[in-house]
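Please walk me through this model in the viewer, one selection at a time. Say what to select next and what is there.

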Amino acid sequence: MTELAGENLEERYYDWAVFRRIVQYLKPYQTLALLSILLLLGSSLCQLAGPYLAKVAIDDYIAVGNLEGIDQIAWIFLSILVGGFVFQFTQTLLMQYIGQNVMKDLRRETFAHIHKMSFSFFDKNPVGKMITRTVNDVEVLNEMLTSGLILIFSDLFTLVGVFAVLFFLNWKLTVVICVIFPFLAVATHFYRVRARDALRKNRSHVTRLNTFLQENLSGMRTVQLFNRQKKQVNDFESINRAKLSEDLRALHYNAVYVPSIDVFSALGIGLVIWYGGGEFVQDQIQLGVLVAFVQYLNKLFEPIRDLAEKFNIIQSAVASSERIFELLDTPEEILDPPKVKSQKIERGKIEFRNVWFAYKKDDYVIKDISFVVNEGESLAIIGATGSGKSTLINLLCKFYEPQKGEILLDDIPLSQLSKKDARAKTSWVQQDPFIFSSDIVSNIRLGNNDIEKETIELASRSLGTDRFVNKLPDKYLNSVKEKGSSLSMGEKQLLSLTRALVFDPRILILDEATSSVDTETESMIQNAIKKLVLGRTSIIVAHRLSTIKHADKIAVLKKGELVEFGLQDDLIKQKGVYYKLINFYNHR
Amino acid sequence: MLISQLKIFISYLKAYRKEMLVGMIALILTDVIGLAIPWILKQFIDKLPSKPANEELLVFAGILGLAATFQGLFRFGWRKYIFGPSRKVEFDIVNDLFRHFLKLDSSFYQKIKIGDLLSRATNDIRSVRDFLGLGLLVLADCFVVIISCFALMIYISPKLTLMAFLPLPLISILFYLYTKKISEGHRIVQEELANISDIVQENLSGIRTLHAYGQEEIEKEKFEKQNDVYLTKNMALTKLYAIFPTSLSFFLGLATLISLWIGGKEVIAGNLTLGSFVAFNGYLLMLSWPMMGIGYVFNLSQKGASAMRRVQDIFSEQSEIKAPLQGNHKKDFQGELKFQSVSYQYSEKGFCLEEISLKIEPGQWMGVTGPIGAGKSTLFKFPLRIIDPNKGNIYLDGIPIKELPLDLLRKQIGYVEQGPFLFSATILENIAFGTDISDQKIIEEIACLAGLEPDISSFPNGLETMVGEKGVSLSGGQKQRIALARALIRKPKILILDDAFSSLDVETEEKILNNIRLLEKETTVIIIAHRVSTQRFSDQIVVIENGKISGLGSREQLETQEGYFKEISTAQSFQKGLEVFLS
């Protein structure tokens with residue numbers, strides 16, 4: 001149970017590629033982004049102006065006792081303060097606006113991409129994972145865009161700006177100060193390499209810990225029934241301890257690095273005192289310049305300190321983006337045909353032509369199946385558990401694509417129809433219908449607001465759904481809880497039949513429920529089905545003889561093969577499997 | 001309020017009080033040196049006009065360098081010894097929380113969503129940690145720095161101090177308003193984000209329905225709309241975020257401006273030396289961090305307090321299942337199970353079980369059937385004490401189960417559910433889950449007994465194959481059989497199979513049932529099932545309808561009586577025919 005860690009521990013060094021890809025998302029907002037950078041520049045300049053003004057005040061006015069000059073400087077200072085305020089405020093808003101929009105774009109893209117995925121994708125990827133991608137990971141990425149980009153630009157401006165001012169004030173002193181930079185660079189490098197390693201490992205332990213916790217909370221009953229508590233505590237603590245040790249390691253690096261920057265900064269000030277003081281004594285430098293140097297040196301080290309603090313944020317943002325891009329790069333398995341001319345299915349004729357299908361390579365669960373169901377006919381598919389009945393339905397709905405052979409609707413191959421057109425005139429009633437947490441009306445028409453309330457009520461009345469709906473306090477606007485838990489099984493089935501009716505399909509697919517509901521509800525459902533099937537092509541995955549007897553044609557499946565197919569009477573006359581089945585039933 | 005909540009967590013800190021003490025001392029020393037540095041600069045500047053010799057300058061630089069080095073050292077000290085314990089406290093709390101989770105019963109897990117529990121164990125505890133580490137630190141730091149800076153500034157010039165501090169109350173007022181609004185804004189944004197989550201969740205869970213009805217585009221629009229709402233709310237929050245730090249630096253700038261303006265004039269008037277003026281400015285700059293720090297702590301403490309409350313809520317939860325820790329240490333159970341007028345009410349108007357009395361003899365096979373929602377599964381959760389009935393008693397070998405320690409009781413009963421929970425571990429580890437058995441042979445035998453042999457031989461690594469996301473994805477039937485093996489390996493006296501074969505074909509089911517019958521002769525077996533064929537070996541079958549026993553007898557007896565069993569066995573015989581003829 002401790003093996004599941006590995007994944008994130010491996011080193012990954014393509015941060016730059018990821019970063020460049022993120023920047024691509026800024027393209028639609030390039031003008032705004034440019035403006036934001038300009039504002040950033042402005043606000044950096046305003047910040048830099050402070051110590052310079054102090055210098056001017058000291059050297060030009062205080063030293064010579066010019067009171068008016070001080071007033072003047074105060075006014076300039078005030079306007080710079082106001083300017084800085086405006087720049088910084090607008091810049092923050094603008095950057096956030098861009099970040100939020102990029103986030104929205106990315107979410108839209110991820111959501112749309114998930115909807116493009118075929119069902120084999122969902123078989124492999126749990127819902128929770130997809131939610132994390134579209135919600136949490138995108139959120140983390142925004143952090144990277146807003147803090148990360150600002151960090152780079154604003155720090156760049158500050159660094160360059162401080163250097164420029166220092167150089168302008170006194171180039172000799174600036175050169176002297178530069179002595180400390182090689183040391184700083186070495187320290188930073190050491191920190192970066194180690195901290196990155198510790199943070200990465202720490203994050204992977206956090207993931208492990210969360211996975212373990214989630215698994216144990218979900219399976220708590222099993223843990224308790226099997227008296228596994230002690231072992232689970234031991235496992236948990238050992239993962240937690242590994243996390244703590246990386247935590248402390250990262251903390252240690254941080255605790256060494258951050259103070260070391262202060263020491264470097266103090267060394268710089270020491271140099272100013274020693275060398276600059278000497279220059280002052282020789283009248284080579286003004287007092288204000290010395291004071292300004294001290295203040296600017298403090299500003300110079302701010303961005304570097306910042307970087308150490310935000311390192312963690314950027315690291316996790318990179319990890320999140322990698323995960324999002326991995327999802328976005330998952331290719332669509334069932335592609336729509338390239339030149340789609342929208343085609344409507346009007347009659348509802350279904351044909352399977354030598355269809356083969358396997359979920360796993362070469363492990364065919366549908367083997368060479370061919371049959372035709374004409375417009376308005378009904379077909380009952382019968383077979384044992386695992387004979388391929390559901391797979392057949394999935395193929396017909398274009399949820400999967402057959403490896404060999406072809407399926408035709410109205411004589412048009414499915415492969416030439418877009419998924420949308422292929423499903424437009426088909427309604428599928430599932431065995432355990434999915435109910436959305438919304439009201440009755442929305443559950444019947446789904447998002448399709450073209451379907452009017454009158455249509456819904458009419459359909460409900462004709463199927464008998466209105467009987468239970470009218471008993472609800474808010475009738476059609478009554479909300480149904482998450483996963484439809486407040487509705488009984490029978491009610492859910494009636495609701496899903498009504499849903500199928502209002503969409504007025506040409507083809508109806510019905511997955512008959514195996515579990516038993518009470519007799520009264522059962523007969524209501526049977527009546528509803530009879531009405532629904534009328535005048536439509538229908539395919540019913542049947543479990544009851546009563547259902548099968550109403551069907552025009554019968555398809556008998558056995559281990560993925562179509563062993564018998566034909567009209568009721570013909571099959572009886574053939575005296576094959578179907579005949580034996582009926583006999584077995586009647587002479588029980 | 002906050003203090004009382006802090007209590008528990010402070011008690012965790014106690015274990016690390018020595019480290020904390022070292023950290024605190026280091027912190028104070030860091031601040032003292034920090035305060036000394038502008039003073040050294042002041043001395044230096046005041047000395048400059050007297051043209052000091054190079055050696056004197058070197059002494060100044062040396063003192064400064066030394067001071068900075070020590071400051072760095074102390075700063076390392078507090079970072080390590082204040083943040084360190086906070087991480088260790090986090091470690092301790094998380095461990096204790098996990099231990100506590102293991103004690104809580106299923107009524108608790110039904111009440112609170114797993115996602116919520118997870119977020120309390122991770123995010124909330126992190127907030128607590130941040131408050132304990134950063135929060136207490138900043139609080140102490142601010143206290144020291146603000147008071148000393150203030151004292152030193154007053155020492156330099158009381159008048160200038162008063163003037164420069166004029167804009168500072170504005171910061172406090174601003175901050176107060178800000179935090180009030182920001183937590184509200186945060187809540188709204190979080191809610192909208194949760195709505196986005198919900199849409200994605202529903203979409204994915206119902207994706208088959210949505211795609212079958214071609215609803216992708218409409219769902220995308222819905223999602224887009226929710227994203228727009230989120231964006232709007234977020235921008236409103238951003239405005240708050242943008243205005244605060246910006247105003248903060250504005251007001252601090254204002255203070256600097258005042259000190260420059262008035263202080264400059266004072267210097268010219270000769271009331272202030274230039275060095276004092278520079279030092280004053282230095283202290284003013286030093287104050288900017290604590291000023292923001294107070295706000296930061298305020299925020300952290302708000303978050304921390306609500307996080308602590310949420311964590312404590314869990315700690316104060318108790319299991320409703322009360323069992324003696326020690327007690328009856330009977331070793332050899334026979335496996336006789338007796339229900340005596342057991343009643344249970346689910347919720348006020350929800351379903352209930354009424355006065356159920358039933359005796360199951362050792363080694364007997366008892367079948368249980370009835371419509372969906374009749375209460376069959378609930379009834380057989382009682383013997384394991386997953387839940388307790390409201391009324392009535394249950395006896396194992398004549399001993400009331402409430403008098404047995406939980407681990408002893410649960411060791412006697414094997415329980416297999418319809419949708420069993422498997423762990424992401426190897427198949428072998430999953431089967432050996434409730435035992436110390438590591439002998440591969442025994443596990444293989446059990447796997448064989450549970451009808452897993454053909455499946456395991458088809459897996460790449462056999463028994464060592466990983467289950468779940470990082471391994472093979474198992475079919476429902478495979479999961480059910482692994483769960484059966486997991487229960488059988490413990491040699492239970494009673495085996496409860498709650499619809500445990502629903503995903504198996506009839507043939508495999510028969511084989512497995514036969515194995516159990518032949519190899520585990522003494523085990524009492526309770527089979528809850530919808531499928532009539534599953535009851536082929538049951539000595540007796542009990543029918544439960546609407547919370548009451550509506551029939552009890554052998555299969556043959558029930559098939560001849562009018563009622564539920566006869567009805568379903570007629571309805572299912574066709575299905576049975578399908579299974580017989582077509583598999």
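Predicted model: local features only at pLDDT ≥ 70, side-chain atom pairs only at ≥ 80, totals over all residues.

Domain bounds, as used here, come from an automatic or database domain assignment.

**Stop 1: chain A, domains**

Select residues 15-170 of chain A for domain 1 and residues 350-586 of chain A for domain 2. Between the C-alpha centres of these two domains of chain A the distance is 56 Å.

**Stop 2: where chain A meets chain B**

Next, show both chains and select the residues in contact across them. A pair of residues is in contact when the C-beta atoms, placed from the backbone, lie within 7 Å. On that basis chain A contributes 119 residues and chain B contributes 115 residues. Now colour helix α9 of chain A, residues 229-281: with 29 residues, this helix gives the largest share of the side of chain A that touches chain B. Colouring that side of chain A by class gives 67 nonpolar, 34 polar and 18 charged residues. For the model, the scores are ipTM 0.82 and pTM 0.77.

**Stop 3: chain B as a whole**

Colour chain B by pLDDT: the average is 83, and 95% of the residues score at least 70. In cartoon view, chain B shows 19 helices and 10 strands. Chain B has a radius of gyration of 36 Å, well over the 25 Å that the globule rule gives for 583 residues, so chain B is more spread out than a compact globule. Along the principal axes, the C-alpha atoms of chain B fill a box of roughly 120 × 55 × 50 Å. Of the 583 residues in chain B, 44% are buried. Among contacts in chain B with a separation of 6 or more, 79% are between residues 24 or more positions apart.

**Stop 4: chain B, domains**

**Stop 5: between domain 1 and domain 2 of chain B**

How many residues of domain 1 of chain B are in contact with domain 2 of chain B? There are 5 residues from domain 1 of chain B, in contact with 5 residues of domain 2 of chain B. To find the domain 1 side, select α5 (114-156) and α10 (274-315) of chain B, each of which supplies at least two residues of that side. By class, the domain 1 side in chain B has 2 nonpolar and 3 polar residues, and no charged residues.

How values were computed: Residues numbered from 1 in each chain as written. Chains lettered and ligands numbered in written order. Contact = placed C-beta atoms within 7 Å. Helix = DSSP H or I, 4+ residues; strand = E, 2+ residues; numbered from the N terminus. Nonpolar A, V, L, I, M, F, W, Y, C, P; charged D, E, K, R; others polar. pLDDT = per-residue confidence, 0-100. Rg over C-alpha atoms; globule rule 2.2 N^0.38 Å. Buried ≥ 20, exposed ≤ 12 C-beta atoms within 10 Å, placed from the backbone.
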